[in-house]
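Student: Could you zoom in on one part of this model for me and walk me through the charged contacts there? I'd like the cut-offs spelled out as you go.

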Amino acid sequence: MPEVTLSAWNQFIAEHPDAHLLQMGEWGELKNDFGWKPVRLLLDRETGAQILFRRLPLGLTLGYMPKPVNSGRLMVDNELFWREVDSICKKNHAIFLKIETDTWEETFQPSNLQAFKLSNHNIQPPRTITLSIKEDEEEILARMKPKCRYNIRLAEKKGITVRSWDDIPAFHEMMTVTGGRDNFGVHSKEYYQRAYELFHQKGACELLVAEFEGKPLASLMVFSNAKRAWYVYGASNDQERNRMPTYLLQWEAIRWAKARGCDEYDLWGVPDENEETLEANFETRHDGLWGVYRFKRGFGGQLKRAAQAVDRVYNPLLYWAYVKYIGNRE
């Protein structure tokens, strides 16, 4: 049978050091507790995918395949794999399957795109900034914008300290403050607690807090798998902001990822605009992800855009209705 257990799936992921966070078994377990059903398909040591199904009315679902392993090869003609995927999707009464490949826009060239519909809606932020952290710390610092380096050192001089933390209720409270200030959605306290429990026990997650005189000012949750790390959740309150706690906090998260052997650090989400537009507007715009672009750009990474999502449609009429009335509001 192509569907496999969590332990067999985790063994598969362990054999692929470039596997994305969203394909880790723990991510599937997290989503399982919050409205999604994970199904893991494994054909051989190189071919597999974790698919998430979200329940809809009338026993229907939508399927989501986020960042599958060996994405580029899967999107080339692979009849056996897609036949198994279709079987699993139909078994779960999926209207359609959304696929976000683990490839960058300029390298995404599927040979069988006729089997998919180019989507106008991504679930994950398509554009991000990635940092190479293979080099020593001085080289990483040297690539940053001068103001960013200055703020990291300023935070140290002004008494900011960073340590590991496990106070999820306080983290959630800080996330709520940040979400209200910057106008973005925040998960429940239980969601962050479960994410921390699943990944931290594996050594694949750390919750860090920046403090001044023992008072929490900013916090973030960073994740890693083999050679890659992701800054997924971050928050700060409105106190002592002149001490630049978020800069030292992010630097310590980068150092944590580097100490775990990661080569790449993904800052996870900036406005979906080209670099020229971003650079021309980041000082005046603060809506949506614009507020974090100014901060993230300072760390000197490379702006990248993920390949656009594609949909594999099983029920055209319901797919049309979903896209028209629901999909664009998510």
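Tutor: Let's start with Arg255 and Glu252, whose side chains meet in a salt bridge at 3.0 Å, N to O; the term means a side-chain nitrogen of Lys or Arg within 4 Å of a carboxyl oxygen of Asp or Glu. Both residues sit in helix 9, three residues apart, about one turn of the helix (helices are DSSP runs of H or I with at least four residues, strands are runs of E with at least two, and both are numbered from the N terminus). Before going on, keep in mind that this is a predicted model, so local features need pLDDT of at least 70 and side-chain atom pairs count only at pLDDT 80 or more, while totals for chains, interfaces and linings use all residues. Residues are numbered from 1 along each chain as its sequence is written, and side-chain values use heavy atoms, with hydrogens and water left out.

Arg255 also forms a salt bridge with Glu137, and there the closest N and O atoms are 2.8 Å apart. Since Arg255 lies in helix 9 (residues 245-259) and Glu137 in helix 5 (residues 137-142), this pair ties together parts that are 118 residues apart in sequence. How much of each partner is open to a probe? Arg255 is partly exposed, with a relative accessible area of 34%, and Glu137 counts as partly exposed too, at 30%. The classes go like this: buried is under 20% relative accessible area, exposed is over 50%, and partly exposed is in between, using a 1.4 Å probe and protein chains only.

Now for another pair: Glu240 and Arg243 meet through their side chains in a salt bridge of 2.8 Å, N to O. Here Glu240 is partly exposed at 24% relative accessibility, whereas Arg243 is buried, with a relative accessible area of 18%. Elsewhere, salt bridges that share partners join Glu105, Arg127, Asp272 and Arg305 into one network. Over the whole structure, the salt bridges come to 23.

What about disulfides? A search of the whole structure finds zero, the criterion being a pair of cysteine sulfur atoms within 2.5 Å. Take Cys148, which is in no disulfide: its nearest cysteine sulfur, that of Cys262, is 19 Å away. Cys148 counts as buried at 2% relative accessibility, and Cys89 is buried as well, with a relative accessible area of 0%.
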